[in-house]
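Subject: Structure handover

Hello,

Here is the structure you were expecting. My notes follow below it.

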Amino acid sequence: MLAGLLVAALPAYAAASDWSDLDELQSTLTRAQFDARLTRVYAPDGRLDDRLREHAGAMAIFASAAAAATGAPLDEVFFAAPNDASPHPARSFLDPDDLRALGNPSNAPLRGLRIMLDPGHIGGEWARVEERWFWLNRIGWPVQEAALTRYVARLLRARLEAAGAEVRITCPDFTPATAKRPDDYRARDSELAADPAYAHLPDLFREGALLDARRKRREFLFVRGAEIQARADIVNAWRPDLTLCLHFNAAGGAYTQSTPDNRLLFLIHGNYLPGELNDEAQLHALFRKLLEGSHDTERRVAEALSQTFFEATGLPPCGGSDISRPLGTNLYVQVRNLAANRLFRGPVVFLEPYYQNNAGVYARIQLGDYDGLRDVENRPQPSIFREYADAAAAGILRAYAPSNAPSPATVPPPARDVPHVKALDEP
Ligand SMILES: [Zn+2]
């Protein structure tokens, strides 16, 4: 399950940006390449048209439509010449073609590839605080998504290392990556006033609600703000070739209700919403992401993962929504602007397989990890953690070492009318 959109709206992360980090990425894209990425991936539907102005081989970026009419630009993007067939790559990471060009031996197809694994959420004593804890019908082990994702990270690391990759884990245990804690944000309690919806109620009721809301906000700033930024600092200090954010998904009402539904979703960066584009920090991130050239790798990796997970599970995709938008005909791969894939440099793919509150998935989680197959819902099934790690490793091999992989394009294009299932944290 995801966390992210709300972070952007918080003043602590909305400081004016230093755009100078775009300098090293200038003149690396032609105008056509720039347009294709902007309109197809990052700002579809012409969302930025009213604040971009082209002149003399460059595109000026403005904070707003009003600023575009009268003000100074935030920055400019300079284009490579239109007839320059291969502008020098600005990439700081190896893409699948680069890795293939290394000519690795078949027993180490991923040698030279540096992969960061980011297990979703913190877990442990923070699992309830971050609302990634549920206990369906109060039966069995209360599920902590972070424990699941961290366990999968360990399995996946072993598989990727066996194939020659260098692998790190952002947050390998239940200690937060950030040194901050919720109490560090008490000084900002006064930013949250009493809810006017409760104005008719006794003062005592209103005070109770306000104290609870302020506590929740401190926890939010810790979990969604400081923790994701701390992990971004870890990723950006290493600059891996690829970061995989490992999650298990769930459908609405996950804490109390089971669902017969169960789907796969793979998210890559893009689809900035109109409101997000009004935040200069996010606008800046959009252009850094666009220019760093991570999209093609994200798409290739996500499509390979959608194939291998489909082969392993047969599960259908999620429907799209305003905030999570299918990239093409493969509905399993969608573009979404999240704090982590915005702040982490280089290619980032979010894996969101399985609904934890699906009865069969919940039953598989309760069995823990095991060899071979066990009957769940009247059919033999492997450990869900090994199935996840095996499918993820196979997807990485398929993306980066196709000579060792089965033929691609095994995912049937699903029908476009897949219903959208609302995730827990969607508005
Ligand atoms: Zn999650």
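Which residues in H4 meet which residues in H10? From H4 come Leu 148, Tyr 151, Val 152, Leu 155, Leu 156, Arg 159 and Leu 160. They meet Phe 385, Arg 386, Tyr 388, Ala 389, Asp 390, Ala 392, Ala 393 and Ile 396 in H10. By class, the residues of this contact are 12 nonpolar, no polar and three charged.

Please keep in mind that this is a predicted model. The protein chain has an average pLDDT of 89. A score of at least 70 is reached by 88% of the residues. Two stretches need care. Over residues 3-14, pLDDT stays under 50, and the model has 31 contacts beyond four places in sequence for them. Residues 404-410 also stay under 50, with 12 such contacts.

Helix packing

H4 covers residues 145-162 and H10 covers residues 384-400. They pack at an angle of about 45 degrees, and their axes are 9 Å apart. That angle makes H4 oblique to H10. The crossing is right-handed.

H10 also packs with H7 (residues 295-313). Here the angle is about 135 degrees and the axes are 8 Å apart. H7 is therefore oblique to H10. This crossing is right-handed as well. On the H7 side, the contact includes Arg 300, Val 301, Ala 304, Leu 305 and Phe 309. On the H10 side, Tyr 388, Ala 391, Ala 392, Gly 395 and Ile 396 are among the residues involved. The contact of H7 with H10 divides into 12 nonpolar, five polar and four charged residues. Tyr 388, Ala 392 and Ile 396 of H10 are listed in the contact with H4 and also in the one with H7.

The seven-stranded sheet

This sheet is open, with mixed pairing and the order E7-E4-E8-E12-E9-E11-E10. Its edge strands are E7 (166-169) and E10 (325-326), each pairing on one side only. Inside the sheet, E9 (residues 266-268) and E12 (residues 348-351) run antiparallel and are joined by two bridges. Leu 267 has Phe 350 in E12 as its bridge partner.

H4 touches E4 (114-119), E7 and E8 (242-246). Its direction makes about 165 degrees with that of E4. H5 (residues 203-238) touches E4, E7 and E8 too. For H5, the angle with the direction of E4 is about 175 degrees.

The three-stranded sheet

This one is open too, with antiparallel pairing and the order E1-E2-E3. E1 (52-55) and E3 (75-78) each have a single partner strand, so one side of each is left without a neighbour in the sheet. Neighbouring strands are turned by 25 degrees against each other on average, direction ignored. E2 (residues 58-61) is joined to E3 by four bridges. Ile 61 has Asp 75 in E3 as its bridge partner.

The hairpin

E13 (residues 373-376) and E14 (residues 379-382) run antiparallel, with four bridges between them. Leu 373 stands opposite Pro 382 in E14. Two residues lie between the strands of the hairpin. Which residue takes a positive phi there? That is Glu 377, with a value near 50 degrees.

Best wishes

Conventions:
Residues numbered from 1 in each chain as written. Predicted model: local features only at pLDDT ≥ 70, side-chain atom pairs only at ≥ 80, totals over all residues. Heavy atoms only, no water. Axes fitted to C-alpha atoms, helices over the stretch in contact; angles between N-to-C directions. Parallel < 35°, antiparallel > 145°, perpendicular 65-115°, else oblique. Left-handed = near helix turned anticlockwise from the far one by under 90°. Contact = heavy atoms within 4.5 Å. Nonpolar A, V, L, I, M, F, W, Y, C, P; charged D, E, K, R; others polar. Pairing = 2+ DSSP bridges. pLDDT = per-residue confidence, 0-100.
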